[in-house]
Amino acid sequence: MSAESAHGAHDVVATIQPAIALLGLGLVAALTAKALRLSPIVGYLALGALLAAFGQADNFSSPVVAAMAEAGVMFLLFNLGMHFSLTRIREEARNIFGFGSLQMAVAGGGFCLAGFALGLPPAAAIIGGFAMGLSSTAVVIGLIRERDQQDCPVGRAAQSILIFQDIAAIMLLVAAGALGTGGAMGPALAIAGVKAVAAFFVAVLFGRYLTEPLFGLIARARSSEVYTATALFLALAAGWATGIAGLSLTLGAFLGGVAIADSRHRVMVQTEIEAFRGLFLGFFFISVGLGIDPAILADKWPTIILTAIVLIVVKCALNIAAGLANQWSAPGSIQLGFLLGQGSEFALVLFSIPALAGLMGEELSAILVTAIAVSLAVTPAISNFGRTLAGKLRRGPADQKLSHEDDAPIVILGLGSTGRALADELQLASIKYVAVEADSRLFENAVADGYHVHHAMTDDPRTWDVLSMGQRQVVVVTGAKMSRVDELAPLAEERLPQVKRIITVDDQKHAPKIKQDGAIPVHVGGQDGTEALLDMVFEQLGRSRPAVTPRKAA
């Protein structure tokens, strides 16, 4: 090997070494967090903060790591966009532009007033205040996915609000940039708004006229590598295009997802992007932890901790007020308020802009940046507290009687992820159901998230009489042990002869025995398993599945 080649190889190794090291350390952090029953997000943030405390932040601040961190957030928004078809955007418009703008007005406006009270210049108080009103898209959507809350009222509202916040963040970045150039904010904001609208219409046109021909061509190639390359290209190219236009990369990634949300190939693209999303998003959270300045943390830690506490308490209170003003119930407002009670990655960027930091004061900006990073780290714990509190408020003095559910045609036994998906679909179709969950943790989470569910042993035949199962059209069993299903099959045939029994299985080997016992097996282990279950349930009910419409807040 020539000296030049050896030098080139050394440069490549030096460039990718920080990413490789973080990948290994991130794996250890995620496994440790899981062992401690914490979110992997906490592990990633703690790892970054620990490396910064040991003076290693500069060793891991390479362009490769920064690019991978940015790609992680882009993939996250791309994935979110694939769940927001144009139909859903129209139907969620009230949440996106109504609830979203209300939350920003209340939370951002409250922090603006605090900025004026502290004597900040008007521009710093307004931009900084609304920056504090933003919440973390990456952290919140990550938690929603972990908890399987994508389709419950709190999850849908949070996603819609975050979309509006991302749009607002673009305007704040433009305004902060105008401070540095000395230009007028009004024209700059107007131009950014026009660009955002133009980007949306480009996404609409792409989705309507180009998506199906493009994926039809790719499908004929019969190559998973081509699908992977296409998924990566769409997510990154969409973000790159809006970045070139002076908008945020995340907005472009979201619109790229919207463009293919109605495509028949969406599931395949989503599957291909999933592994990259999780991997690169870990780099983002580690980078946030690396951004914590250990010197400021050591010198000002009482002030930083107090600032973080005040930020979270005030933010949660303002978010709850916005929820109540939006006519949400107190439990729903509390859960949503705590879920959005942290600072934002956009705020970290805004407070790092020299012009804004100069107006606010370098020390205050550094304290706020560190306090926001702390708020991101404790978000899983804070949001869990809000969820638990909401669940206790919803539960009331005693379990509800079943009298109002006497005419419900379907019983769902088990409200895990599959049972929730079915309950959501029935809610959209305005079909009453009775849901029962035996696991106390799943039961409490379902209650907190607004599902009408009862706590009872789902495999106890004595429960069947209480639930009036013999009067129902369909009984769906999810997540049950097959050994217990086999034991109860003769009794179910005898006592529920007119009831269609649908049993979900993760392994097809159980299907023949279930059919022999007079029930309908549905395999939910594959990509389209849940869809197959929903189709089967509506077929047995003699109903058509509804178009996607938002659930009402509980």
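1. Residue classes come first: Ala, Val, Leu, Ile, Met, Phe, Trp, Tyr, Cys and Pro count as nonpolar, Asp, Glu, Lys and Arg as charged, and the others, Gly among them, as polar. On that scheme the lining of the largest cavity divides into 3 nonpolar, 4 polar and 1 charged residues.

2. On the basis of the notes: this is a predicted model, in which local features need pLDDT of at least 70 and side-chain atom pairs count only at pLDDT 80 or more, while totals for chains, interfaces and linings use all residues. Residues are numbered from 1 along each chain as its sequence is written, and side-chain values use heavy atoms, with hydrogens and water left out.

3. The structure holds 1 cavity of 30 Å³ or more. A cavity here is a set of points, on a 1 Å grid over the protein atoms alone, where a 1.4 Å probe fits but cannot get out; lining residues have an atom within 4 Å of a point. The volume of the largest cavity is about 50 Å³, a volume being the space filled by probe spheres set on the points.

4. Which residues line the largest cavity? They are Leu76, Asn79, Leu80, His83, Ile141, Arg145, Gln150 and Gln159. Helices are DSSP runs (H or I, at least four residues), numbered from the N terminus. Both α3 (63-81) and α7 (137-146) supply at least two residues of this lining, and the largest share, 3 residues, comes from α3.

5. α3 also packs against helix α12 (residues 249-259), at an angle of about 35° and with the axes 6 Å apart. Axes are lines fitted to C-alpha atoms over the stretch in contact, and angles run from 0 to 180 degrees between N-to-C directions. The crossing of α3 and α12 is right-handed, that is, the near helix is turned clockwise from the far one by less than a right angle. The contact (heavy atoms within 4.5 Å) includes Leu80 of α3 and Phe254 of α12. Its residues comprise 9 nonpolar, 4 polar and 1 charged.

6. Helix α14 (residues 294-325) and helix α15 (residues 330-339) have axes that come within 8 Å and cross at roughly 140°. The two are therefore oblique to each other; angles under 35 degrees count as roughly parallel, over 145 as roughly antiparallel, 65 to 115 as roughly perpendicular and the rest as oblique. Their crossing is right-handed. Among the contact residues are Cys316 and Ile320 of α14 and Ile334 and Phe338 of α15. This contact has 6 nonpolar, 4 polar and no charged residues.

7. For helix α19 (residues 417-428) and helix α24 (residues 529-541), the axes come within 10 Å and cross at roughly 45°, which makes α19 oblique to α24. This crossing is right-handed. Residues that meet include Leu422 and Glu425 in α19 and Leu534 and Phe538 in α24. By class, the contact of α19 with α24 holds 8 nonpolar, 2 polar and 1 charged residues.

Key: On a 1 Å grid over the protein atoms alone, a cavity is a set of points where a 1.4 Å probe fits but cannot get out, and a pocket is an open set with protein on both sides within 12 Å along at least five of seven lines; lining residues have an atom within 4 Å of a point.
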